[in-house]
Amino acid sequence: MHLVYIGFGSNIGDRLAHIQNAIHALAETEGITLQKISSIYETDPIGYETQAQFLNGVAAIQTSVPPLSLLHTLKDIETAIGRKHRTRWGPREIDLDILIYGDLCLQTEKLVIPHPEMHLRRFVLAPLVEIALDFVHPVLKETIQILLERLEDDKSVLKKEGSIL
């Protein structure tokens with residue numbers, strides 16, 4: 001079994017319902033056990049900035065599902081929830097990304113692990129530090145907390161009250 005961190009986000013429609021549906025689908029998937037879920041954070045968009053704010057967070061899972069199969073599972077969940085592919089970094093019903101897969105370093109045409117931009121994004125690091133404070137990034141060799149403290153990203157990330165499930 002591998003400890004995997006999945007980033008999630010939504011900024012179209014009922015954002016919280018999309019996230020809840022994705023987490024439930026993930027938890028119901030054979031070979032996956034949900035371990036922890038961060039709080040939900042309301043965040044400014046990155047890249048394509050003329051869009052609604054996102055709700056973002058991170059889930060920790062234990063899984064025996066290999067990385068590329070897990071990627072396909074995440075894409076299937078996105079499709080089932082109604083994700084339509086639009087502009088890169090644009091609006092989305094749901095987005096699910098493999099951030100970290102144990103200490104694996106992988107680079108293929110379809111998947112790069114650890115996520116190549118996670119250390120540059122406050123909307124990833126803030127929820128990740130909540131559930132994996134002392135986790136050491138397998139490439140950068142720094143804890144998630146140190147990566148967050150050093151981040152120069154000035155985008156707004158506000159923790160929301162309440163539970164995801």
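User: In which hand does α1 pass α2?

Analyst: Two packed helices are described by the angle between their axes and the distance between the axes. A crossing is called left-handed if the near helix is turned anticlockwise from the far one by less than a right angle, and right-handed if clockwise; in this predicted model, α1 passes α2 in a right-handed crossing. Helices here are DSSP runs of H or I with at least four residues, and strands are runs of E with at least two, numbered from the N terminus.

User: Which residues of α1 and α2 make the contact?

Analyst: With contact meaning heavy atoms within 4.5 Å, α1 contributes His-18, Asn-21, Ala-22, Ala-25 and Leu-26, while α2 contributes Leu-74, Ile-77 and Ile-81.

User: At what angle do helix α1 and helix α2 pack, and how far apart are their axes?

Analyst: The angle between α1 (residues 15–27) and α2 (residues 67–81) is about 140 degrees, and their axes lie 10 Å apart. Axes are lines fitted to C-alpha atoms, for helices over the stretch in contact, and angles run from 0 to 180 degrees between N-to-C directions. Angles under 35 degrees count as roughly parallel, over 145 as roughly antiparallel, 65 to 115 as roughly perpendicular and the rest as oblique, and α1 and α2 are therefore oblique to each other.

User: Which residues are joined by a cis peptide bond?

Analyst: Ile-113 and Pro-114 are joined in this way, with omega about -5 degrees, and Pro-114 belongs to the loop between β7 (112–113) and α3 (122–131).

Analyst: Local features such as these need pLDDT of at least 70, side-chain atom pairs count only at pLDDT 80 or more, and totals for chains, interfaces and linings use all residues. Residues are numbered from 1 along each chain as its sequence is written, and side-chain values use heavy atoms, with hydrogens and water left out.
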